[in-house]
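User: Hi! I am new to protein structures and would like to work through one with you. Could we start with the structure itself?

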Amino acid sequence: MFDFLLTEEQKKIREEVRDLVRWVPRQMIMDMDQDKIRFPKEFLKEAGRRNLLGCRYPKQWGGRDMDWVTTCMVVEEVGTLGYIFACVFGVGAELVCDAIILHGTDEQKEKYVKPLLAGDIFAAECLTEPRGGSDFFGTSTVAEDKGDYFVLNGQKRFIVGAEGADFFLVYARTDFDPKTHPHQALTCFIVDRGPGVEVEYLYGLMGCRGGGAGRIVFKDVKVPKENIVGKFNGAYAVFNTMMIPERLGTAAMTIGAARPALEIATQYTSRRKAFGQVINQFQGVSFQVAEAAMLLDAARSLVYATSRAVDAKEDMNLIRRMVSETKKFVTESCQKVARNAMQVMGGIGYTNVFPVERIVRDLGLASIWTGTNEVMSLITAHEWYREYHQNLKARQARNYELDAAEAEAVDEKIYE
């Protein structure tokens, strides 16, 4: 972490998070990776007891009135325990809370946010479906208006926390007119675990185990109207704001998850000898460690620059681009960091004698979930072109195209 970016108050909170990290038993990490623990309720309860969940939310609802820079620092530190710890920490305390804090009623905040941030109850976000992940508006889950309540039917999959959550944030189609624009056809609901809510399948994952990731089926679930988050047929607004915590939070936690791999590899290559000398004296080793350190610093710089943009409430199109490119760059960079760490450690890095192999497995998820990196590229390209053409005159101090020796050769500038 760059200490110079943090205030004294933020540094104190960081020490609180590090104390939580030290509290986590080694066996909990082992048991989660072996799926002996299917959802780390004790960890979340302890984080809530220490008032570390949702630190950027108002104190009125259990937060600390902090900002996005603080949040990214917190989830980076939590991520050092393992990527899945940060995933379950972020899903409830950031994603679900964000939706209710920004779009929900005071009654919803009192009933769901306060106990969630206290670690008394747990939540999960339900977005991905068997027939589509990034195709948010293609949802086939439906909620029919029955007067005082809705009846929800459908299914969601790859839901982190499916096994342990007490309630779910669910997006469903509520306007069935084919002429209605998809942006105006969905509603966001709070759905309590209860009759009709069934976890039908738990996934065997390559990494990030122990988060209770599963497929949830909703069968004729009664959802009271007071459980609508935001406006009826207004899920798009909720979805839009949640893309910030989903993707920026993912980037920050990925840095934390990759950091131990670099530290372990640095220590190992400072002690391991071959051909009569410590192997960090070989450029084939030290250059890979240097690249990993550079990528981690670059990733962190982008995360905190984007955090400042969000805190400053910059233009949403700019934030959308920055968040998307941050998520893509950071996750791919951190995957490279972990692979470099394994490579310089040689065969022992491929075993479970060191945790690097688990880190490599865990980070495979980073570029897939909360929107694939291909979708991040799509968004970045769209927003960049729009931004360029809208602000062309304002951003260019001069016409740089003319700064070429043959700039006047107009017959050579063929565009069709």
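Analyst: Happy to! One term to begin with: contact means heavy atoms within 4.5 Å. Also keep in mind that this is a predicted model.

User: Which residues in helix 10 do residues of helix 9 meet?

Analyst: Let's start on the helix 9 side, where the residues in contact include Cys334, Ala338 and Met342. By class, the contact of the two helices has 9 nonpolar, 1 polar and 2 charged residues. On the helix 10 side, the partners are Val356, Glu357, Ile359, Val360 and Leu363.

User: Is helix 9 roughly parallel or antiparallel to helix 10?

Analyst: The axes of helix 9 (residues 316–345) and helix 10 (residues 356–363) come within 9 Å and cross at roughly 155 degrees. Angles over 145 degrees count as roughly antiparallel. Therefore helix 9 is, relative to helix 10, roughly antiparallel.

User: Is Thr370 buried or exposed?

Analyst: Thr370 sits in the loop between helix 10 and helix 11. Its neighbours, leaving aside residues up to four places away in sequence, are Glu246, Arg247, Thr250, Lys327 and Met376. The cut-off for buried is under 20% relative accessible area. Thr370 has 10% relative accessibility, so it counts as buried.

User: What is the relative accessible area of Cys208?

Analyst: Cys208 lies in the loop between strand 6 and strand 7. Cys208 has a positive phi of about 50 degrees, although it is not a glycine. This residue is buried, and its relative accessible area is 3%.

Note on methods: Residues numbered from 1 in each chain as written. Predicted model: local features only at pLDDT ≥ 70, side-chain atom pairs only at ≥ 80, totals over all residues. Heavy atoms only, no water. Axes fitted to C-alpha atoms, helices over the stretch in contact; angles between N-to-C directions. Helix = DSSP H or I, 4+ residues; strand = E, 2+ residues; numbered from the N terminus. Parallel < 35°, antiparallel > 145°, perpendicular 65-115°, else oblique. Nonpolar A, V, L, I, M, F, W, Y, C, P; charged D, E, K, R; others polar. Buried < 20%, exposed > 50% of the residue type's maximum accessible area, 1.4 Å probe, protein only.
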